[in-house]
Amino acid sequence: MDSLISASARALAAGDALGALKRVALRDDPPALALRGIAMAQLGEHPRARELLRQAGRRFGAHEAVARARCVVAEAEVALAMRELGGSPRTLLAAAHTLQAHADHANALHARLIAARRLLLIGRLAEAADTLATLDLRDRAPALQAVAALLQAELALRALRIEPARAALAVAQAHASRAGVPALQAEVAQLLNTLEQPAARLSTQGAEQALRLQEVAAWRASGALVLDACRRGLGCGAVWLPLARRPVLFSLASALAQAWPGDAPRDGLIAEAFRLRRPDETHRARLRVEIGRLRALVKPLAHIEATERGFALRPVQAPQVVTLMPPIAGEQAALLALLSDGAAWSTSGLALALDASQRTVQRALAELQAQQQVRAIGQGRAQRWLAPPLSGFTTILLLPAALPIA
(Lines give C-alpha, C1' and ligand atoms only; values in the text may rest on other atoms or scores of the structure.)
Protein backbone atom coordinates (compact mmCIF):
# COMPACT_ATOMS: atom_id res chain seq x y z
CA MET A 1 0.00 0.00 0.00
CA ASP A 2 1.53 3.34 -1.07
CA SER A 3 1.86 6.37 1.18
CA LEU A 4 -1.06 8.33 -0.37
CA ILE A 5 -3.45 5.43 0.16
CA SER A 6 -2.27 5.05 3.76
CA ALA A 7 -2.62 8.78 4.44
CA SER A 8 -6.09 8.82 2.87
CA ALA A 9 -7.19 5.85 4.99
CA ARG A 10 -5.94 7.56 8.17
CA ALA A 11 -7.85 10.73 7.25
CA LEU A 12 -11.06 8.75 6.73
CA ALA A 13 -10.63 6.98 10.07
CA ALA A 14 -10.46 10.42 11.71
CA GLY A 15 -13.56 11.63 9.85
CA ASP A 16 -11.64 13.97 7.51
CA ALA A 17 -13.34 13.11 4.20
CA LEU A 18 -12.03 16.19 2.32
CA GLY A 19 -8.48 15.47 3.44
CA ALA A 20 -8.83 11.91 2.18
CA LEU A 21 -10.18 13.07 -1.20
CA LYS A 22 -7.29 15.48 -1.71
CA ARG A 23 -4.91 12.52 -1.77
CA VAL A 24 -6.82 10.13 -4.07
CA ALA A 25 -9.33 12.26 -6.03
CA LEU A 26 -7.48 11.87 -9.35
CA ARG A 27 -6.69 8.18 -9.05
CA ASP A 28 -8.80 5.32 -10.41
CA ASP A 29 -6.98 2.24 -9.10
CA PRO A 30 -9.16 -0.06 -6.95
CA PRO A 31 -7.86 1.05 -3.50
CA ALA A 32 -8.30 4.71 -4.44
CA LEU A 33 -11.80 4.09 -5.78
CA ALA A 34 -12.77 2.38 -2.53
CA LEU A 35 -11.40 5.25 -0.43
CA ARG A 36 -13.13 7.80 -2.65
CA GLY A 37 -16.37 5.92 -2.18
CA ILE A 38 -16.05 5.97 1.60
CA ALA A 39 -15.17 9.67 1.53
CA MET A 40 -18.22 10.46 -0.61
CA ALA A 41 -20.36 8.50 1.83
CA GLN A 42 -19.05 10.58 4.72
CA LEU A 43 -19.95 13.71 2.74
CA GLY A 44 -23.50 12.45 2.22
CA GLU A 45 -23.20 11.67 -1.50
CA HIS A 46 -24.51 8.14 -1.08
CA PRO A 47 -25.46 7.19 -4.69
CA ARG A 48 -22.01 8.25 -5.95
CA ALA A 49 -20.36 6.49 -3.02
CA ARG A 50 -22.13 3.22 -3.83
CA GLU A 51 -21.13 3.48 -7.48
CA LEU A 52 -17.46 3.98 -6.59
CA LEU A 53 -17.48 1.10 -4.11
CA ARG A 54 -19.02 -1.24 -6.67
CA GLN A 55 -16.40 -0.24 -9.22
CA ALA A 56 -13.65 -0.92 -6.70
CA GLY A 57 -15.14 -4.31 -5.78
CA ARG A 58 -15.25 -5.36 -9.45
CA ARG A 59 -11.66 -4.26 -10.11
CA PHE A 60 -10.12 -6.08 -7.19
CA GLY A 61 -8.94 -9.47 -8.36
CA ALA A 62 -10.29 -12.83 -7.22
CA HIS A 63 -7.19 -13.30 -5.07
CA GLU A 64 -7.90 -10.04 -3.19
CA ALA A 65 -10.70 -11.45 -1.05
CA VAL A 66 -10.10 -9.13 1.89
CA ALA A 67 -10.27 -5.98 -0.25
CA ARG A 68 -13.47 -7.18 -1.93
CA ALA A 69 -15.02 -8.00 1.44
CA ARG A 70 -14.17 -4.53 2.74
CA CYS A 71 -15.96 -3.02 -0.26
CA VAL A 72 -19.03 -5.14 0.56
CA VAL A 73 -19.00 -3.87 4.14
CA ALA A 74 -18.64 -0.25 3.05
CA GLU A 75 -21.46 -0.65 0.51
CA ALA A 76 -23.68 -2.17 3.21
CA GLU A 77 -23.07 0.86 5.41
CA VAL A 78 -24.01 3.17 2.53
CA ALA A 79 -27.21 1.16 1.98
CA LEU A 80 -27.99 1.58 5.68
CA ALA A 81 -27.49 5.33 5.42
CA MET A 82 -29.81 5.37 2.37
CA ARG A 83 -32.36 3.36 4.41
CA GLU A 84 -32.37 0.53 1.87
CA LEU A 85 -33.16 -2.16 4.40
CA GLY A 86 -34.51 -4.89 2.15
CA GLY A 87 -32.59 -7.79 0.74
CA SER A 88 -30.75 -10.56 2.48
CA PRO A 89 -27.92 -9.79 4.94
CA ARG A 90 -26.10 -12.94 3.86
CA THR A 91 -23.64 -11.05 1.65
CA LEU A 92 -22.64 -8.82 4.54
CA LEU A 93 -22.28 -11.75 6.94
CA ALA A 94 -20.23 -13.67 4.36
CA ALA A 95 -17.92 -10.67 4.07
CA ALA A 96 -17.61 -10.60 7.86
CA HIS A 97 -16.62 -14.28 7.89
CA THR A 98 -14.02 -13.63 5.17
CA LEU A 99 -12.51 -10.74 7.10
CA GLN A 100 -12.47 -12.73 10.33
CA ALA A 101 -10.74 -15.65 8.57
CA HIS A 102 -8.04 -13.29 7.28
CA ALA A 103 -7.49 -11.77 10.74
CA ASP A 104 -9.06 -8.41 9.84
CA HIS A 105 -10.94 -8.37 13.11
CA ALA A 106 -11.73 -4.65 13.14
CA ASN A 107 -13.60 -4.69 9.82
CA ALA A 108 -15.28 -7.99 10.67
CA LEU A 109 -16.60 -6.35 13.85
CA HIS A 110 -17.69 -3.31 11.83
CA ALA A 111 -19.67 -5.57 9.48
CA ARG A 112 -21.51 -7.21 12.36
CA LEU A 113 -22.28 -3.82 13.90
CA ILE A 114 -23.85 -2.75 10.60
CA ALA A 115 -25.97 -5.91 10.64
CA ALA A 116 -27.07 -5.13 14.20
CA ARG A 117 -27.94 -1.53 13.28
CA ARG A 118 -30.12 -2.77 10.41
CA LEU A 119 -31.99 -5.10 12.76
CA LEU A 120 -32.49 -2.23 15.20
CA LEU A 121 -33.91 0.04 12.49
CA ILE A 122 -36.54 -2.49 11.45
CA GLY A 123 -37.56 -3.20 15.03
CA ARG A 124 -36.11 -6.71 15.39
CA LEU A 125 -34.70 -5.89 18.79
CA ALA A 126 -34.17 -9.42 20.10
CA GLU A 127 -32.07 -10.35 17.06
CA ALA A 128 -30.08 -7.12 17.34
CA ALA A 129 -29.39 -7.85 21.01
CA ASP A 130 -28.30 -11.41 20.17
CA THR A 131 -25.93 -10.10 17.51
CA LEU A 132 -24.38 -7.62 19.94
CA ALA A 133 -23.99 -10.30 22.60
CA THR A 134 -21.76 -12.35 20.29
CA LEU A 135 -19.30 -9.52 19.61
CA ASP A 136 -15.87 -9.41 21.19
CA LEU A 137 -15.12 -5.72 21.81
CA ARG A 138 -11.93 -6.15 23.83
CA ASP A 139 -9.03 -3.96 22.66
CA ARG A 140 -11.00 -2.65 19.67
CA ALA A 141 -10.84 0.87 18.24
CA PRO A 142 -12.70 3.50 20.31
CA ALA A 143 -14.99 4.31 17.37
CA LEU A 144 -16.19 0.71 17.12
CA GLN A 145 -16.72 0.48 20.87
CA ALA A 146 -18.68 3.74 20.77
CA VAL A 147 -20.97 2.40 18.03
CA ALA A 148 -21.56 -0.82 19.97
CA ALA A 149 -22.36 1.13 23.15
CA LEU A 150 -24.77 3.36 21.20
CA LEU A 151 -26.59 0.27 19.95
CA GLN A 152 -26.81 -1.11 23.48
CA ALA A 153 -28.16 2.23 24.71
CA GLU A 154 -30.85 2.43 22.05
CA LEU A 155 -31.90 -1.16 22.68
CA ALA A 156 -32.27 -0.34 26.37
CA LEU A 157 -34.25 2.84 25.61
CA ARG A 158 -36.62 1.00 23.25
CA ALA A 159 -37.30 -1.46 26.10
CA LEU A 160 -37.66 1.43 28.62
CA ARG A 161 -34.67 0.24 30.67
CA ILE A 162 -33.45 3.72 31.54
CA GLU A 163 -30.54 3.05 33.91
CA PRO A 164 -28.82 0.52 31.59
CA ALA A 165 -29.32 3.03 28.79
CA ARG A 166 -27.62 5.78 30.80
CA ALA A 167 -24.70 3.48 31.60
CA ALA A 168 -24.27 2.51 27.94
CA LEU A 169 -24.43 6.17 26.89
CA ALA A 170 -21.70 7.06 29.36
CA VAL A 171 -19.51 4.35 27.83
CA ALA A 172 -20.35 5.57 24.31
CA GLN A 173 -19.52 9.16 25.24
CA ALA A 174 -16.13 8.16 26.65
CA HIS A 175 -15.19 6.11 23.58
CA ALA A 176 -16.47 8.78 21.17
CA SER A 177 -14.29 11.37 22.90
CA ARG A 178 -11.28 9.08 22.55
CA ALA A 179 -12.07 8.46 18.88
CA GLY A 180 -12.32 12.18 18.16
CA VAL A 181 -14.87 11.74 15.34
CA PRO A 182 -17.30 14.71 15.38
CA ALA A 183 -20.16 12.79 13.74
CA LEU A 184 -19.95 10.05 16.36
CA GLN A 185 -19.86 12.57 19.19
CA ALA A 186 -22.94 14.30 17.75
CA GLU A 187 -24.80 10.96 17.59
CA VAL A 188 -24.04 10.31 21.26
CA ALA A 189 -25.18 13.82 22.21
CA GLN A 190 -28.41 13.37 20.25
CA LEU A 191 -29.26 10.13 22.02
CA LEU A 192 -28.41 11.68 25.39
CA ASN A 193 -30.82 14.49 24.59
CA THR A 194 -33.70 12.03 24.17
CA LEU A 195 -33.56 11.29 27.90
CA GLU A 196 -34.49 14.88 28.72
CA GLN A 197 -37.15 15.48 26.07
CA PRO A 198 -40.86 14.70 26.39
CA ALA A 199 -41.57 11.23 24.98
CA ALA A 200 -45.31 10.85 25.59
CA ARG A 201 -48.39 12.55 27.02
CA LEU A 202 -50.09 11.13 30.10
CA SER A 203 -53.86 11.35 29.96
CA THR A 204 -55.81 10.54 33.10
CA GLN A 205 -59.35 11.63 33.97
CA GLY A 206 -59.28 14.40 31.38
CA ALA A 207 -55.92 15.92 32.40
CA GLU A 208 -52.74 15.73 30.28
CA GLN A 209 -49.09 15.86 31.28
CA ALA A 210 -45.88 15.57 29.26
CA LEU A 211 -43.61 12.70 30.31
CA ARG A 212 -39.94 11.95 29.73
CA LEU A 213 -38.78 8.40 29.05
CA GLN A 214 -37.84 7.84 32.70
CA GLU A 215 -41.32 8.92 33.78
CA VAL A 216 -42.93 6.69 31.16
CA ALA A 217 -40.95 3.74 32.52
CA ALA A 218 -42.03 4.64 36.06
CA TRP A 219 -45.70 4.63 35.08
CA ARG A 220 -45.32 1.31 33.26
CA ALA A 221 -43.86 -0.19 36.46
CA SER A 222 -46.23 1.58 38.85
CA GLY A 223 -48.94 -1.07 38.92
CA ALA A 224 -51.45 1.14 37.12
CA LEU A 225 -53.33 -0.24 34.13
CA VAL A 226 -51.67 1.57 31.22
CA LEU A 227 -53.20 1.93 27.77
CA ASP A 228 -50.08 2.67 25.68
CA ALA A 229 -51.11 4.44 22.47
CA CYS A 230 -47.44 4.75 21.46
CA ARG A 231 -46.81 0.99 21.35
CA ARG A 232 -50.52 0.18 20.90
CA GLY A 233 -51.08 -2.21 23.75
CA LEU A 234 -52.41 -2.62 27.28
CA GLY A 235 -50.14 -3.38 30.19
CA CYS A 236 -49.97 -3.65 33.95
CA GLY A 237 -46.65 -4.39 35.62
CA ALA A 238 -44.95 -7.24 33.76
CA VAL A 239 -48.05 -8.19 31.77
CA TRP A 240 -48.27 -6.76 28.26
CA LEU A 241 -51.08 -7.36 25.76
CA PRO A 242 -50.21 -6.13 22.25
CA LEU A 243 -53.08 -4.70 20.20
CA ALA A 244 -51.14 -3.25 17.26
CA ARG A 245 -52.53 -5.86 14.86
CA ARG A 246 -56.08 -5.46 16.21
CA PRO A 247 -56.96 -1.85 15.44
CA VAL A 248 -60.67 -2.16 16.28
CA LEU A 249 -59.96 -3.70 19.68
CA PHE A 250 -57.29 -1.09 20.35
CA SER A 251 -59.72 1.73 19.52
CA LEU A 252 -62.29 0.27 21.89
CA ALA A 253 -59.73 -0.23 24.66
CA SER A 254 -58.48 3.33 24.19
CA ALA A 255 -61.99 4.79 24.42
CA LEU A 256 -62.78 2.75 27.54
CA ALA A 257 -59.48 3.72 29.20
CA GLN A 258 -60.02 7.42 28.53
CA ALA A 259 -63.58 7.22 29.91
CA TRP A 260 -62.42 5.56 33.17
CA PRO A 261 -63.67 5.66 35.93
CA GLY A 262 -66.90 6.31 34.07
CA ASP A 263 -68.33 4.45 31.12
CA ALA A 264 -68.11 5.09 27.38
CA PRO A 265 -71.40 5.47 25.46
CA ARG A 266 -72.22 2.92 22.78
CA ASP A 267 -72.54 5.49 19.99
CA GLY A 268 -69.17 6.97 20.94
CA LEU A 269 -67.52 3.53 20.84
CA ILE A 270 -69.05 2.81 17.43
CA ALA A 271 -67.82 6.16 16.10
CA GLU A 272 -64.33 5.55 17.49
CA ALA A 273 -63.91 1.94 16.38
CA PHE A 274 -65.93 1.77 13.16
CA ARG A 275 -65.71 5.41 11.95
CA LEU A 276 -69.51 5.67 11.74
CA ARG A 277 -71.60 8.64 12.80
CA ARG A 278 -75.10 7.22 12.26
CA PRO A 279 -75.13 3.76 13.86
CA ASP A 280 -78.00 1.31 13.51
CA GLU A 281 -78.80 -1.99 15.17
CA THR A 282 -76.35 -3.93 12.99
CA HIS A 283 -73.51 -1.72 14.20
CA ARG A 284 -74.59 -2.15 17.81
CA ALA A 285 -74.58 -5.90 17.29
CA ARG A 286 -71.09 -5.71 15.84
CA LEU A 287 -70.03 -3.61 18.82
CA ARG A 288 -71.23 -6.35 21.19
CA VAL A 289 -69.18 -8.92 19.26
CA GLU A 290 -66.00 -6.80 19.37
CA ILE A 291 -66.51 -5.97 23.05
CA GLY A 292 -66.80 -9.72 23.70
CA ARG A 293 -63.47 -10.31 21.97
CA LEU A 294 -61.83 -7.49 23.89
CA ARG A 295 -63.31 -8.77 27.18
CA ALA A 296 -61.77 -12.21 26.62
CA LEU A 297 -58.40 -10.71 25.65
CA VAL A 298 -58.03 -8.34 28.63
CA LYS A 299 -59.46 -10.75 31.21
CA PRO A 300 -56.10 -11.10 33.07
CA LEU A 301 -55.99 -7.33 33.57
CA ALA A 302 -59.53 -5.97 33.64
CA HIS A 303 -63.23 -6.66 33.27
CA ILE A 304 -65.53 -4.87 30.86
CA GLU A 305 -68.96 -4.24 32.33
CA ALA A 306 -72.09 -3.30 30.41
CA THR A 307 -73.84 -0.20 31.74
CA GLU A 308 -77.12 1.47 30.90
CA ARG A 309 -75.58 3.72 28.26
CA GLY A 310 -72.45 1.78 27.22
CA PHE A 311 -69.47 -0.10 28.68
CA ALA A 312 -66.96 0.53 31.47
CA LEU A 313 -63.44 -0.73 32.11
CA ARG A 314 -62.86 -2.18 35.59
CA PRO A 315 -59.24 -3.10 36.49
CA VAL A 316 -58.73 -6.40 38.32
CA GLN A 317 -56.03 -5.15 40.71
CA ALA A 318 -54.69 -1.85 39.32
CA PRO A 319 -55.64 1.19 41.41
CA GLN A 320 -56.12 3.40 38.36
CA VAL A 321 -56.21 3.51 34.58
CA VAL A 322 -54.00 5.91 32.59
CA THR A 323 -53.42 6.46 28.89
CA LEU A 324 -50.03 7.19 27.33
CA MET A 325 -50.58 9.27 24.21
CA PRO A 326 -47.95 9.80 21.48
CA PRO A 327 -46.07 13.12 21.54
CA ILE A 328 -47.53 13.84 18.10
CA ALA A 329 -51.14 13.20 17.18
CA GLY A 330 -52.42 11.40 14.10
CA GLU A 331 -52.50 7.92 12.63
CA GLN A 332 -49.17 8.43 10.82
CA ALA A 333 -47.16 9.16 13.97
CA ALA A 334 -44.91 6.09 13.60
CA LEU A 335 -44.17 6.98 9.98
CA LEU A 336 -43.25 10.54 10.94
CA ALA A 337 -41.08 9.20 13.75
CA LEU A 338 -39.02 7.15 11.31
CA LEU A 339 -38.69 10.02 8.83
CA SER A 340 -37.71 12.53 11.52
CA ASP A 341 -34.20 11.05 11.81
CA GLY A 342 -33.19 13.23 8.86
CA ALA A 343 -32.35 10.32 6.54
CA ALA A 344 -33.90 9.85 3.10
CA TRP A 345 -36.02 6.70 3.32
CA SER A 346 -37.20 4.49 0.49
CA THR A 347 -40.80 3.30 0.47
CA SER A 348 -39.63 -0.31 0.77
CA GLY A 349 -37.48 0.56 3.78
CA LEU A 350 -40.39 2.26 5.52
CA ALA A 351 -42.67 -0.69 4.77
CA LEU A 352 -40.12 -3.13 6.19
CA ALA A 353 -39.58 -1.06 9.34
CA LEU A 354 -43.32 -0.61 9.95
CA ASP A 355 -44.18 -4.21 9.01
CA ALA A 356 -46.75 -2.89 6.53
CA SER A 357 -47.37 -3.25 2.81
CA GLN A 358 -45.71 -0.80 0.45
CA ARG A 359 -49.14 0.23 -0.82
CA THR A 360 -50.23 1.17 2.72
CA VAL A 361 -47.05 3.21 3.20
CA GLN A 362 -47.51 4.92 -0.18
CA ARG A 363 -51.04 5.99 0.74
CA ALA A 364 -49.85 7.33 4.08
CA LEU A 365 -46.98 9.23 2.44
CA ALA A 366 -49.39 10.75 -0.08
CA GLU A 367 -51.58 12.02 2.78
CA LEU A 368 -48.58 13.48 4.62
CA GLN A 369 -47.29 15.06 1.41
CA ALA A 370 -50.67 16.73 0.86
CA GLN A 371 -50.34 18.17 4.39
CA GLN A 372 -46.76 19.32 3.54
CA GLN A 373 -45.31 17.23 6.35
CA VAL A 374 -43.04 15.15 4.07
CA ARG A 375 -41.44 15.65 0.68
CA ALA A 376 -40.16 13.33 -2.02
CA ILE A 377 -36.88 13.54 -3.91
CA GLY A 378 -35.99 11.55 -7.02
CA GLN A 379 -38.20 9.49 -9.28
CA GLY A 380 -39.14 5.83 -9.66
CA ARG A 381 -36.96 3.37 -7.78
CA ALA A 382 -34.62 6.20 -6.78
CA GLN A 383 -37.39 8.11 -5.00
CA ARG A 384 -36.75 8.88 -1.35
CA TRP A 385 -38.82 10.53 1.36
CA LEU A 386 -37.74 13.19 3.82
CA ALA A 387 -39.35 15.01 6.72
CA PRO A 388 -38.04 17.92 8.80
CA PRO A 389 -36.60 16.86 12.18
CA LEU A 390 -39.16 17.00 14.98
CA SER A 391 -37.92 19.28 17.74
CA GLY A 392 -38.98 19.59 21.34
CA PHE A 393 -39.69 15.92 21.99
CA THR A 394 -38.39 12.45 21.22
CA THR A 395 -40.20 9.91 19.07
CA ILE A 396 -38.34 6.87 20.37
CA LEU A 397 -41.54 5.27 21.74
CA LEU A 398 -43.05 5.41 18.25
CA LEU A 399 -40.19 3.54 16.58
CA PRO A 400 -40.67 -0.14 15.64
CA ALA A 401 -40.21 -2.39 18.65
CA ALA A 402 -41.54 -5.75 19.76
CA LEU A 403 -42.28 -5.75 23.48
CA PRO A 404 -42.39 -9.05 25.37
CA ILE A 405 -45.77 -10.74 25.70
CA ALA A 406 -46.67 -12.05 29.15
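Let me begin with a word we will need: two residues are in contact when they have heavy atoms within 4.5 Å. With that in hand, hello everyone, and here is the protein chain. Among its contacts between residues at least 6 apart in sequence, 58% join residues at least 24 apart.

Some housekeeping. This is a predicted model, in which local features need pLDDT of at least 70 and side-chain atom pairs count only at pLDDT 80 or more, while totals for chains, interfaces and linings use all residues. Residues are numbered from 1 along each chain as its sequence is written, and side-chain values use heavy atoms, with hydrogens and water left out.

Now the overall picture. The chain has 18 helices and 11 strands. Both are DSSP runs numbered from the N terminus, helices being H or I with at least four residues and strands being E with at least two. Along its principal axes, the C-alpha trace spans about 85 × 45 × 35 Å. Of the 406 residues, 48% are buried. Here buried means under 20% relative accessible area, exposed means over 50%, and partly exposed is in between, using a 1.4 Å probe and protein chains only.

Let's turn to helix packing. Two packed helices are described by the angle between their axes and the distance between the axes. The axes are lines fitted to C-alpha atoms, for helices over the stretch in contact, and the angles run from 0 to 180 degrees between N-to-C directions.

Please find helix α10, residues 162-179. It packs against α11 at an angle of about 160°, and the two axes are 9 Å apart. That makes α10 roughly antiparallel to α11. For the wording, under 35 degrees is roughly parallel, over 145 roughly antiparallel, 65 to 115 roughly perpendicular, and the rest oblique. Which residues of α10 and α11 meet? From α10 we have Leu169, Ala172, Gln173, Ala176 and Ser177, and from α11 Leu184, Gln185, Val188, Leu191 and Leu192. By class, this contact of α10 with α11 has 7 nonpolar, 3 polar and no charged residues. The classes work like this: Ala, Val, Leu, Ile, Met, Phe, Trp, Tyr, Cys and Pro are nonpolar, Asp, Glu, Lys and Arg are charged, and the others, Gly among them, are polar.

Now look at α14, residues 266-274, with α15. Their axes come within 10 Å and cross at roughly 80°, which makes α14 roughly perpendicular to α15. Here Arg266, Asp267, Leu269, Ile270 and Phe274 in α14 meet His283, Arg284, Arg286, Leu287 and Glu290 in α15. By class, the contact of α14 with α15 has 4 nonpolar, 1 polar and 5 charged residues.

A salt bridge is a side-chain nitrogen of Lys or Arg within 4 Å of a carboxyl oxygen of Asp or Glu. How many salt bridges does the structure hold? There are 21. One of them joins the side chains of Glu281 and Arg284, at 3.4 Å from N to O. These two are 3 residues apart in helix α15 (residues 281-297), so about one helical turn separates them. Glu281 is exposed at 54% relative accessibility, and Arg284 is partly exposed at 24%.

Next, Arg212 and Glu196 meet through their side chains at 3.0 Å, N to O, in another salt bridge. Arg212 lies in strand β2 (residues 207-212) and Glu196 in the loop between α11 (182-194) and β1 (198-204), so the pair ties together parts that are 16 residues apart in sequence. Arg212 is partly exposed at 30%, and Glu196 is partly exposed at 44%.

There is also a salt bridge between the side chains of Arg138 and Asp136, at 2.9 Å from N to O. Arg138 is exposed, at 62%, and Asp136 is partly exposed, at 36%. Finally, a network of salt bridges links Asp2, Arg27 and Asp29.

Last stop: the backbone. Most residues other than glycine have a negative phi, and most peptide bonds are trans. Where is the cis peptide bond? It joins Trp260 and Pro261, with omega about 5°, and Pro261 is in the loop between α13 (247-259) and β6 (263-265). Asp139, which is not a glycine, has a positive phi near 60°. You will find Asp139 in the loop between α8 (125-133) and α9 (142-158), and it is exposed at 78%. Arg275 also has a positive phi, about 60°. Arg275 is in the loop between α14 and α15 and is exposed at 52%.
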